[in-house]
Amino acid sequence: MTVGILGTFLLLVVALLGGWSRSTRLTVDGSTESSTELARTQLAAEDPAHAKMLVAGLVVLLVWMVGAHFWLPLPLAFLNTTSAQVTAFCVEHLHQSRPVPGEYILIIEGSSVTTRGVDGAALERSLRSAGIPVTVIQLSLSGANHLERLQLLQNFADSLSSSDWKRLRKSRLILGHEVQALYDRDPLLNYGNNPFTPTTLAYSNPDNLPTLLNWITGRYDLRELWNRRSELQLIATQFLYNALRISYLQLWDTANRAAPCAGFQPHPKRADFQPAGLLPIDFPPDPILSGRQAYPRVTRWNAVRDAAFRSIFKGAVRSELFFSLPGWLAYEFNYDNWWSHAHPDQLFFNGNGSQIRSRLREPGLWNDPGHLADSGAEIYTEEFAQFLRQNWPAQSG
Amino acid sequence: MLFNSASFLLFLPVVLAGYWLWPGNFGRKLFLVIASCFFYAAWDWRFLGLLGFVVLTTFAASWLILDCKERAARVQSLVVLWICIGLQLTVLAFFKYFNFFEDNLVALLSTIGLKSAASIARILLPIGISFYTFHAITLAVDTYRGKVNTRVSLLDVALYIAFFPQLVAGPIVRATVFLPQLATKRQFAGEDLFVATQAIVTGFLYKVVFSDSIAPFVDKIFERPADYTGLLLLAATFGFYCQIYFDFNGYSMIAIGVSRLFGYKLPDNFNFPYAATSLGSFWRRWHISLSSWLRDYLYIPLGGNRLGVSKQMRNLVITMLLGGIWHGASWNFIIWGAAHGTVLAIERFSQIYRGKILTEENRSITSLILGWLVTQTIVLILWIPFRAKTLADSLAVISGIFTWRTMMAGAPVAIPITLLILPIFCDTVFVRLLRSQPGKPLRRPELRFGLLILCALAVGLVAKTGLRSFIYFQF
């Protein structure tokens, strides 16, 4: 309805502007219509100066982009995506939990391994039963790239009222980051190809451009950038589309109010996941990758990323914790073990430690080689809670 | 690379900047040829060789024809012309019709009990082949006819055939229109900028707002036409009537506008065809570059109006039949073309019988209204075989409408009434009126241009999400 009416209105306005009727119309055999040709001759002397026109066009473009920034907020156009639904759930959960003096708020962010492996509600129950007054906010999203994770945190922060902010500042806010080999080495992983949230492109928000450029330049050299040129082109166009708000109205039209959806999404075992045996307790170390050369180089940008995540909460974050999830791949196992040695000062729950791996050896506990199934998530969350109970007071008090 | 794709949004400014910053005409044209190759290669680089073959054979033919003419060797020049036309048509036939002929041959053999295995390889249709082979034929024929009477450089031939705005879906530009424009260095003029932007904005509005918004409704009904009521089938047919106009006219306007940004003028491809009051008038307004091409390079060489009434009728049917086949290798297009040819022949016969050629000026209001109703109903019905996937689907749509089927087996579908009525009515009545106005001074051009850019941004705001190809890219 809106499209038909607005489109027709635009059609009339464009036609009314009148350039066509002034221009010489060319027929297929090259002749021109005499009346318009005459008009052209009369007007030749006052042909508009194109420089003035270009300036006028650029001014309009600039005003449009500034106006769009204030009047057409991007997240509103992506309300029907999982990202918006998870945000809505987390805000609702924060409102439902009663603030208590000395409370902790633990925000967990991550990708699909966290979405399927960390049960935020169970973790909260377990910690509360141990006397820790905590509210767990699980802001993880399957397939999310780093910028999408940043935008998810931003959406959450933007949805908080002033009293929520007051509560956040009064509480001891802990930010929990997922450590994951494939993600940590690649700021562009899943950038334009998120199979779970195909329309969540709000993260290509011009406001996030400096952050993304910071990550990219911190991670890649020129040769690597050339190899990623198709992704860079995609990124450039996504940003351009969002900066100009292309398709905004239709996205906004189809966006329903986000129905809340929990960050924890348990999955059953996949039928096609049939490993030959049990989960190996460990793998031999990889001399090339764990040789303290490859990992530091490809993950040096992580500190900048974590700082960007932290900055969203405007100084309210008191401490951070890091966690990884187990998997069947040697690369991830070696990475987590390297990580725990390389960051001795960080509070890190290594999901690939031998104790937890020994509890998750049965293939039935797995959704696929990279993700836990619901029963596996239960065990993992239990171990994670136990780790936090043991380490909590010393690190975050 | 589609005009409505994000990559084109990045490609165009780079090519424009490179073109206008280049000081000399030769360098500019070379740059445009390279950019056009890049544009074509973005779809499939392997077919650049085919494009190169078409360019080289046309270049060689045009030079040889002129050589023969200088030596007054008329027969030899005719032989060269036919070899060139034969080569272009062979290329077209092989890539476009091989699969169709093979499928039909296998089907025919199986009906008479002979089993024949189809070849495993399916021939991929090179995008734009119907358009650039027609450009090649145009240059060769015009050289033979003496309309092009100077030697055209290889660079100019390459640019004429491969110029990216019109490479993949036309308009089919005459050599006599385009080549003279290549002779001089183009000047960047405010008028060109304004008109080009206006054409591009209108084209995008047609395509990404109207056509792409109507398309999902039409696609759904035509996917399983037997499942829907007569009303929905009629609405979907009307939807396609609007969609194809907005889609192809939108493409043509963007092509014309983009070309104008480089200082080159292309002729109009549409002139409000849905205002036509006779089928002859419709074909003078719809896809003008093709219909006039068929007239000048097929209908007239076949004899045109010169060989008596019956041959005139025959020529009309043959021309439109071949026009149908040009659109694609399918029985639906053959029927569509033949039906248009037959109706055109009947219309012409009635005019000859009455001894009077009816034009819009010498007809009464009642005759005009009646003529418009009949013409547009015929056009509407004949879009059915053009759109349906198979012959059986075409029959299902036609029978569903004419029996006014009321039972529905498919899921309910809402008819997007505003989209189907408002834009097409407004375009055919008001925009037509505005565009027929004589030229007036463009006051405050910078203010108008600013408004135009604002409209362009508003079009983007309303644009349909997702990338949908232009209908005519398949031809």
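Here are some questions and answers about this predicted model.

User: Happy to start with confidence: what average pLDDT does chain A have?
Analyst: Glad you began there, since this is a predicted model. In chain A, 86% of the residues score at least 70. The average pLDDT of chain A is 84.

User: Which residues of chain A have a pLDDT below 50?
Analyst: The stretch in question has 16 contacts in the model beyond near neighbours in sequence. Where pLDDT is low, the predicted coordinates should not be read in detail. The stretch of chain A with pLDDT below 50 is residues 34-46.

User: Is the crossing of α1(A) past α9(B) left-handed or right-handed, please?
Analyst: The residues that meet include A:Leu10 and A:Leu11 in α1(A), with B:Leu205 and B:Phe210 among those in α9(B). By class, this contact has eight nonpolar, four polar and no charged residues. As for the handedness, α1(A) passes α9(B) in a crossing that is left-handed.

User: Which helix supplies the largest share of the side of chain B that touches chain A?
Analyst: The contact between the chains takes 58 residues from chain A and 64 residues from chain B. On the chain B side, the helices that each supply at least two residues include α1 (6-21), α12 (288-299), α17 (417-435) and α18 (445-462). The largest share is 17 residues, and the helix supplying it is α18(B).

User: How many charged residues are on the side of chain B that touches chain A?
Analyst: Let's go through the classes of that side of chain B: 40 residues are nonpolar and 14 are polar. The charged residues there number 10.

User: Turning to chain B itself, what distance separates the centres of domain 1 and domain 2?
Analyst: Domain 1 of chain B covers 6-186, while domain 2 covers 191-277 + 363-474. Taken over C-alpha atoms, the centres of these two domains of chain B are separated by 28 Å.

User: And which helix gives the largest share of the side of domain 1 of chain B that touches domain 2 of chain B?
Analyst: The contact takes 15 residues from domain 1 of chain B and 16 residues from domain 2 of chain B. On the domain 1 side, α1, α7 (164-167) and α8 of chain B each supply at least two residues. The largest share, three residues, comes from α1(B).

Definitions and conventions: Residues numbered from 1 in each chain as written. Chains lettered and ligands numbered in written order. Predicted model: local features only at pLDDT ≥ 70, side-chain atom pairs only at ≥ 80, totals over all residues. pLDDT = per-residue confidence, 0-100. Contact = placed C-beta atoms within 7 Å. Left-handed = near helix turned anticlockwise from the far one by under 90°. Helix = DSSP H or I, 4+ residues; strand = E, 2+ residues; numbered from the N terminus. Nonpolar A, V, L, I, M, F, W, Y, C, P; charged D, E, K, R; others polar. Domains from an automatic or database assignment.
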